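Notebook open, structure on screen. I want to go through it piece by piece and jot down what I look up.

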Amino acid sequence: MSHAPTALIAEDEPLIAAALQRELMVAWPELQILATVGNGQVAIERIVALQPDVAFLDISMPGSTGLDVARACTNLAAPPQIVFVTAYDQYALDAFDAAAIDYLLKPVDATRLARTIDRLRVQLARAPTDAMPRAQMQAHLQRLLYQLEQITRSAQLENRAQDSGRSAPLRYLRASSGSDIRIVPVEEVLYFEAADKYVVVTTRTGELLIRTSLKELCSQLDPARFWQVHRSTVVNVDQVESASVSALGKMSLKLRGHDGAIAVSKQYAHIFRQM
């Protein structure tokens, strides 16, 4: 390849898309991100117009799924290398590996991304004479898509079976404030923090207490909204305004309507590096 490699990111979760772009800038600095989109149909249009070398596709997107986008790519004269971004569990990931389908797990892990980049570099460095003929490439991609459809269908059935025995995410909390008991909608919570046998619930109006463990509480919360950022802290990601890194390399979060800073441990820092 004589030109700098190019890529498109199709991901409908802004924080995940931003984190992936940041990780790519660090691990693959010569890569040019031509566009970041949050809709499958727009992704198809931009891939056709921009012709990126690589497309990072969220499997579940509004408009068209990542599978739909990849299927549309099989009709292109020079389809991009496809990397799926997924939140599926280990059961599905083992199947992805067995089918040689490249993927990244949400939130993006730097080690996994490095391995993916190594494979992409090898593919993109191949001389045109070494490249797979178009018809053969299309057939190969179609086979991978068929395998991926089977995997995702099985994973969805497995998730539905698990969800049928699982209660819906918690919507309200019964928390104490002095001698009073308050009913608090979970969307009003800024963050939870473990404190001995209690969990401190922080909202814009103050702090309350719940007599439970953080682990037990987390099992009842919506994981798409409440993210663990420290061993003892879980934040409402909808309330995250920004992230910053100190001169010592320590990350903290600024929450909307809250003066204090929330410490982020190294284990979770990669989620917020782009902010």
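**Entry 1: the annotated residue.** Before using any UniProt feature I remind myself that positions are given in the numbering used here, that feature names are shortened, and that annotations may be inferred rather than shown by experiment. Also, this is a predicted model. With that in mind, I looked up the record: the unreviewed UniProt entry places "modified residue: 4-aspartylphosphate" at Asp58. I found Asp58 in strand β3, which covers residues 54-58.

Is Asp58 buried or exposed? Buried means under 20% relative accessible area, and Asp58 comes out at 2%, so I put it down as buried. Next I asked what Asp58 is in contact with, leaving aside its neighbours within four places in sequence. My list for Asp58 reads Ala10, Glu11, Asp12, Thr65, Gly66, Val85 and Lys106.

**Entry 2: the sheet around β3.** I traced an open sheet of five strands with parallel pairing, in the order β2-β1-β3-β4-β5. Which strands stand at the edges? They are β2 (32-37) and β5 (103-105); each has a single partner strand, so one side of each is left without a neighbour in the sheet. On average, neighbouring strands here are turned by 20° against each other, direction ignored.

I then checked the link between β1 (residues 6-10) and β3: the two run parallel and are joined by four bridges. Ala10, already on my contact list for Asp58, stands opposite Leu57 in β3. Helix α2 (residues 40-50) packs on this sheet and touches β1, β2 and β3, with its direction at about 155° to that of β2. Helix α3 (residues 66-73) lies across β3 and β4 (81-86), and runs at about 175° to β4.

Entry 3: Rolling a probe the size of a water molecule over the atoms shows where empty space is left.

**Entry 4: strand β12.** I moved on to β12 (residues 233-236) and asked which residues sit on each side. In a regular strand the side chains alternate between the two faces of the sheet. For β12 I have Thr233 and Val235 on one side, Val234 and Asn236 on the other; all are buried, and both faces are covered.

For partners, β8 (residues 189-195) pairs with β12 in the antiparallel sense over three bridges, and Tyr191 has Val235 as its bridge partner. β11 and β12 make a hairpin with two residues between them.

**Entry 5: a three-stranded sheet.** Last stop: an open antiparallel sheet in the order β13-β14-β15. Its edge strands, β13 (240-245) and β15 (261-264), each pair on one side only. The twist from one strand to the next averages 30°. I counted four bridges between β14 (residues 251-255) and β15, and found Met251 opposite Val264 in β15.

Note on methods:
Residues are numbered from 1 along each chain as its sequence is written. This is a predicted model: local features need pLDDT of at least 70, side-chain atom pairs count only at pLDDT 80 or more; totals for chains, interfaces and linings use all residues. Side-chain values use heavy atoms; hydrogens and water are left out. Buried means under 20% relative accessible area, exposed over 50%, partly exposed in between (1.4 Å probe, protein chains only). Two strands pair if DSSP finds at least two bridges between them. Contact means heavy atoms within 4.5 Å. Axes are lines fitted to C-alpha atoms, for helices over the stretch in contact, and angles run from 0 to 180 degrees between N-to-C directions.
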